Amino acid sequence: MSGFLWGALPYIAFTVLIVGTAYRYWTGERGWTTKSSEFLAKDSLKVAGPMFHLGLLMAFGGHVIGILVPKSLTDGVGISEHLYHIIALAGGIPAGLLFFGGFFLLMQRRFGNPRMKVNTSTMDVWLYLVLFLTLVTGFGGTLMNAVGLLGDFNYREAISPWFRSVLAMSPDVELMADVPLIFKAHMVMWMITAIIFPLTRLVHCLSFPFEYFLRNKIVYRRK
Amino acid sequence: MKIKAQVSMVMNLDKCIGCHTCSITCKNVWTNRAGAEYMYFNNVETKPGIGYPKNWEDQERWKGGWQVEDGELTLRSGSKLTRMLKLFYHPEQPELDDYYEPWTYDYETLISSPRKKHQPVARPRSLITQQRMEIKWGPNWGDDLAGGDDARADVNLKKIGQEIALEFSDIFMKYLPRNCNHCLNPACVAACPSGAIYKREEDGVVLVSQETCRGWRHCVPACPYKKVYYNWKTNKAEKCTFCYPRLENGLPSVCTDTCVGRVRYMGILLYDMDAVCDAAKIPDEKMIYANMLDLVKDPNDPAVIESARKSGVSEMVLKSAQESPVYQIIKRWKLALPLHPEYRTLPMVWYIPPLSPIAKNFEDRVYLPKSEAMRIPVEYLAALFTAGNTRIIVETLQRLLDMRAVMRQKEIGETLPQNLEFEPLEYERMYRLLGIAKYADRVKLPAGLQGKTHEELRELQGSTGYACPGGCC
């Protein structure tokens, strides 16, 4: 089981994420949209929308740094383990609070305003459940770990190297053996998120308009 | 000089009776679908009035169109970078209630109701929430209500200040049919982060690619005319297409085709693409109209024809540019004006300002008064069509009055007015185009992008899908 979870599932998740998203792009671009609901309920989005997205982007950035920068590198430049965790929590806790607060407000908006029903598909409801569980396990695990509830567990010596081993195509399943249950759940949750990603509205995050900064103001096209 | 062709429209407001036939036929063709029910690619507004969506002309609020900053044209809605910060919440975005909540009626109850003392009633039901609703606002809510609260809220009235009292004896109104202006300098195109909105090179029609659109909605506030709509169901932007499938077959848009009052004209304008940007960024907004006239080039000028050929304008398009009724009206007679040129988008739907009702006061007992004495104040028309330049309005109305005077001279022998701008024969041509307004004279469009003549296209009617079963050819 652990072989499957930590040795195979990540690759299944990444494959579905990439191939599925590409397939959706090529066959269903017509349905590729931010699925914005500001038109239906504007005031309630004012705080919640930017709050949620800022928290999410901060959290995502923190994960990228935390996973990809190995411990040896931060040790090498003289950042102690204690200092590292203080920095990580200084960024992570505000990110988590924004993310959580934004998520809560958005859910209140989505299920409290009858107009929002036309913008909420069944898949959206599943997505919110998966996102919520991912968020709870990640933020909860981090907080528990920070106050010492998870013993002397250090994710930089277990989860991060495992993830890098997955990226290096030689998954070291053993590294995940002693990881606390809540972080294991967090791992499974992100993989589920990746698997359902191509089927959900999440795809809009790939549409950040970088090309807009390069193009002319007026676009002309031939028939 | 780089000459391009633009399909353009003129609306003769002197004859618009506000019947909404254009809106209805447009709606039946384009927007009678879920998510688009609230969209009016074409609507008719009573002016003064707040229009559709509510107060669309209030650019302090919507930040639509362009402005000139340090000699450069910039979108009022902000630079590319500042607008990226609005991706998650856009303060200038209109919402459903700025338009109206679409509804239907419970028609079922009319036939399924059991025997009762009172007649069954089909009550309204929201098409968004599917719940019962009370109708408090809808499209054309202020229709024909000159002097009502909505009319008083018209931003154009505020612009011209105290001079216009909305006393009952001075009340005036007119109709303003509006569709997408297919601008030469479209703000919606420039605002689209995804590059989904584009201007067609062949005919200047502005279209939204339903594939490429990502629903960022920056086009909606950026369009100062609020003629790009967000489909709440497909979550993509939609707008008036100028009925391009019809254009491609040499037919005018549905609103033009069905106009009961023969108000609409469609044809080709040739314009200088290289001069568009400079024309739009002149600091004095009262000069934009003159610049727009300069952009429109004479289709019989050999240099223009040569340049047009060089940039790929086909012979058929050139020929219809030479017959173009809109060129006559806009450039030769200078009868039509752009709506709100101060937005700097260089709109390509033009309006002949209305004369009627002709006398301001019943006591005046004059049949053809001075244009300044019209019931609709010149200042108000100037706020709509010339960025406040009343001189242009007076001159334009005077040409229309001269036309009437020349025709009265011809029909009942009144004396010909002095200082006519054109030869009497020219006014008779004007009368034929504006007064008689035969369909074939109002609409001169090339058979289209397919490179076939009208006759060849007519032969093809009904053949598609049958000529070659299986679609092998």
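Q: What makes domain 1 of chain B count as in contact with domain 3 of chain B, and how many residues take part?
A: 31 residues of domain 1 of chain B touch 29 residues of domain 3 of chain B. Two residues count as in contact if their C-beta atoms, placed from the backbone, lie within 7 Å. This is a predicted model: local features need pLDDT of at least 70 and side-chain atom pairs count only at pLDDT 80 or more, while totals for chains, interfaces and linings use all residues. Residues are numbered from 1 along each chain as its sequence is written, and chains are lettered from A and ligands numbered from 1 in the order in which they are written.

Q: Where do the domains of chain B lie?
A: Domain 1 covers 20-91 + 140-241, domain 2 covers 101-136 and domain 3 covers 254-442. These bounds come from an automatic or database domain assignment. Taken over C-alpha atoms, the centres of domain 1 and domain 3 of chain B are 23 Å apart.

Q: Why is H5(A) called roughly antiparallel to H7(A)?
A: Helix H5 (residues 122-146) and helix H7 (residues 181-196) of chain A pack at about 150 degrees, with their axes 9 Å apart. Axes are lines fitted to C-alpha atoms, for helices over the stretch in contact, and angles run from 0 to 180 degrees between N-to-C directions. Angles under 35 degrees count as roughly parallel, over 145 as roughly antiparallel, 65 to 115 as roughly perpendicular and the rest as oblique. The angle therefore makes H5(A) roughly antiparallel to H7(A). The residues of this contact divide into 13 nonpolar, 7 polar and no charged.

Q: What makes S1(A) and S8(B) a pair?
A: S1(A) and strand S8 (residues 197-200) of chain B share 2 bridges, in the parallel sense. Strands pair if DSSP finds at least two bridges between them. Tyr220(A) stands opposite Lys199(B), and Arg221(A) has Arg200(B) as its bridge partner.

Q: Why is one side of S1 of chain A left without a neighbour in the sheet?
A: The open sheet has 3 strands in the order S1(A)-S8(B)-S9(B), with mixed pairing. S1 of chain A and strand S9 (206-208) of chain B stand at its edges, so each has a single partner strand.

Q: How many residues does each chain bring to the contact of chain A with chain B?
A: Chain A brings 34 residues and chain B brings 35 residues. On the side of chain A, H2(A) gives the most, with 5 residues. That side divides into 13 nonpolar, 7 polar and 14 charged residues.

Definitions and conventions:
Helices (H or I, at least four residues) and strands (E, at least two) are DSSP runs, numbered from the N terminus. Ala, Val, Leu, Ile, Met, Phe, Trp, Tyr, Cys and Pro count as nonpolar, Asp, Glu, Lys and Arg as charged, and the others, Gly among them, as polar.
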